[in-house]
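Subject: A model for you, with notes

Hi,

Here is the structure I promised to pass on.

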Amino acid sequence: RTAVTGSPTGGYFREYPFAWFGILTEAPPSAEELIYSSSPAGFALISQRSPEVQRMYFQCDPDADPNALTDAEIWATLQERVPGTELAEGPIFQRDVLRFRSFVAHELRHGRVALVGDAAHTVPPTGAKGMNLAVADVLLLNRALRALLLEGDERPLDGYADTALRRIWKAQHFSWWMTSMLHTAPDASDFDQRRQLGELRGVVESEAGSAYLAEAYTGWPLEAGV
């Protein structure tokens, strides 16, 4: 990053006032699909890693100590935040606190040095776009390098940054939107919380709103303007 931008921190940056308390547990899935839950008790995400291992999160303070809660307290917190679903519990073998940050480097290319993946950008995990974006970067750069090395065509490499950034900023917006819609900010007013609930209902009760969320969540076609 320093070689491209002149600084290891040269970019657009945002930090969020909350984090995720995450666990890995040896347990069967609690539902057929992952669960995003925004309840009066707070946010939780119930996701799967395999038939035997599950990954679960709940919103917490960024400075929370991952070892401050007992296993029983963690399960009680998760269960409270997913009303209507009975979680399948098991031994917790990993716990951590994941801070929320957004970053986009000021430049993605300098000469024949290019940035991809986390060196180029980071997103909050809410929208599940981190790996998605990294793979898209690699595909674009692969095309550019093949054109340069096999055909002597420098145009794809010259256009790499602009093409990649179009997708990156779309994903940044989607990740910010999902995060702001589902999490409770520490300074949120009653108005903020009710407006947030109205926004969430506007998505889940609207075919158009649901379609946008599904399209952005699963990823845009690489050929469609990236």
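What follows is a short account of what was found, going from the whole chain to single residues.

First, the ground rules. This is a predicted model, in which local features need pLDDT of at least 70 and side-chain atom pairs count only at pLDDT 80 or more, while totals for chains, interfaces and linings use all residues. Residues are numbered from 1 along each chain as its sequence is written, and side-chain values use heavy atoms, with hydrogens and water left out.

**Overall picture**

The protein has seven helices and eight strands; these are DSSP runs numbered from the N terminus, with helices being H or I of at least four residues and strands E of at least two. Its C-alpha trace spans about 60 × 40 × 35 Å along the principal axes. Of the 226 residues, 41% are buried (buried means under 20% relative accessible area, exposed over 50%, partly exposed in between, with a 1.4 Å probe and protein chains only). Taking contacts between residues at least 6 apart in sequence, 71% join residues at least 24 apart, where contact means heavy atoms within 4.5 Å.

**The sheet**

Six strands form an open sheet with antiparallel pairing, in the order β2-β3-β4-β1-β5-β8. Two strands count as paired if DSSP finds at least two bridges between them. The edges are β2 and β8 (121–122), each of which pairs on one side only. Helix α5 packs on this sheet and touches β1, β2, β3 (42–48), β5 and β8, and its direction makes about 125° with that of β5. Axes here are lines fitted to C-alpha atoms, for helices over the stretch in contact, and angles run from 0 to 180 degrees between N-to-C directions.

Strand β1 (residues 11–26) pairs with β5 (residues 92–105) over 12 antiparallel bridges.

**Two buried serines**

S47 belongs to strand β3 and is buried, with a relative accessible area of 8%. A polar atom of the S47 side chain lies 2.8 Å from the backbone oxygen of R55. Apart from neighbours within four places in sequence, S47 is in contact with L34, Q54, R55 and Y57.

S39 sits in strand β2 and is also buried, at a relative accessible area of 13%. With neighbours within four places in sequence left aside, S39 is in contact with E80, R81 and P83.

**Helix α6**

How far apart are the end C-alpha atoms of α6? They are 21 Å apart, which agrees with the 21 Å that its 15 residues (190–204) should span at 1.5 Å a residue; the expected span is 1.5 Å times one less than the number of residues. Q196, L200 and V203 are buried in α6. These three cover an arc of only 60° around the axis, so they are on the same side of α6; the arc is that of the directions from the helix axis to the C-beta atoms. On the other side, D190, F191 and R194 are exposed. The cover over the buried residues of α6 includes β2 (35–39), α5 (160–182) and α7 (207–218).

Definitions and conventions: A polar contact is a pair of N or O atoms within 3.5 Å; within protein, one must be able to donate a hydrogen and the other to accept it, and residues adjacent in sequence count only if both atoms are side-chain atoms.
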